[in-house]
Amino acid sequence: MNLPRVSIQTQDFDVSAELDALRRGDKGVGAVCSFVGTVRDRNEGDAVASMELEHYPGMTEKSIEAMVDEAFRRFDIFGARVIHRVGLLQPLDQIVLVAVTSAHRGQSFQACEFLMDYLKTQAPFWKKEQTAQGARWVDARVSDDAALARWGITARNA
């Protein structure tokens, strides 16, 4: 069974099972790099009760697939897996998994960071936080745009 490279889903994910499936059967894999993002209980100094993520089905997957293709062009990697959750999430909930396999750690680290920098700024998600002050939409931070720029990509919202 081929593992999808990109999944947008409401349900949680099992990091160990995902990493095992990504590297299963590939004896050339010498490195697995992963990043798991979780919902924080604070943002911009305010307590966050929950976060809701929205996306355009089909468009979001296509956009992330294109960036995974770019990661394969830029780095010597064997596999990549991106899972991003949508819907209503609470602090401590897992929100994103980016995992990459390669022969050596350097390529996996770089590709994983590249994909995460892209996701933070360019993937078509809309995030709304619930705070004591009410609901507010969350924009990409300037530091996220700067992280993307080091890969030679300009943030489209800049």
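This is a predicted model: local features need pLDDT of at least 70, side-chain atom pairs count only at pLDDT 80 or more; totals for chains, interfaces and linings use all residues.
Residues are numbered from 1 along each chain as its sequence is written, and side-chain values use heavy atoms, with hydrogens and water left out. Helices (H or I, at least four residues) and strands (E, at least two) are DSSP runs, numbered from the N terminus.

**The open sheet**

- An open sheet is formed by 4 strands in the order β1-β5-β7-β2, and its pairing is mixed; two strands count as paired if DSSP finds at least two bridges between them.
- β1 and β5 run parallel and are joined by 4 bridges, and Gln 9 stands opposite Arg 85 in β5.
- β5 and β7 run antiparallel with 7 bridges between them, and Val 82 has Val 98 in β7 as its bridge partner.
- β2 and β7 also run antiparallel, joined by 8 bridges, and Gly 37 has Val 96 in β7 as its bridge partner.
- In a regular strand, side chains alternate between the two faces of the sheet.

**Helices on the sheet**

- Helix α2 packs on the sheet and touches β1 and β5, its direction making about 155° with that of β5; contact here means heavy atoms within 4.5 Å.
- Helix α3 packs on the sheet as well, touching β2, β5 and β7, and its direction makes about 145° with that of β7.

**Nonpolar cores**

- A nonpolar core is a set of buried Ala, Val, Leu, Ile, Met, Phe, Trp, Tyr and Cys residues joined through side-chain atoms within 4.5 Å, and buried means under 20% relative accessible area, exposed over 50%, and partly exposed in between (1.4 Å probe, protein chains only).
- The largest of these cores has 31 residues, and those with the most contacts inside it are Ile 64, Val 98, Phe 114, Leu 115 and Leu 119.
- Two or more residues of this core come from each of β1 (6–9), β4 (46–55), α2 (59–74), β5 (77–85), β7 (94–102) and α3 (105–121), and α3 gives the largest share, 7 residues.
- Leaving aside residues up to four places away in sequence, Leu 115 touches Met 67, Val 68, Ala 71, Ala 80, Val 98 and Val 100.
- A second, separate core of 6 residues includes Phe 13, Leu 22, Ile 83 and Ala 99.
- In β5, 8 of the 9 residues are buried, so this strand is largely enclosed by the rest of the structure.

**Strands that pair with β4**

- β3 (residues 42–43) runs antiparallel to β4 and is joined to it by 2 bridges, with Arg 42 opposite Ala 47 in β4.
- The hairpin of β3 and β4 has 2 residues between the strands, and in it Glu 44 takes a positive phi near 50°.
- β8 (residues 125–131) is joined to β4 by 7 bridges in an antiparallel arrangement, and Ser 50 stands opposite Gln 130 in β8.
- β6 (residues 87–89) is likewise antiparallel to β4, with 3 bridges joining them, and Glu 52 stands opposite Leu 88 in β6.

Key
Axes are lines fitted to C-alpha atoms, for helices over the stretch in contact, and angles run from 0 to 180 degrees between N-to-C directions.
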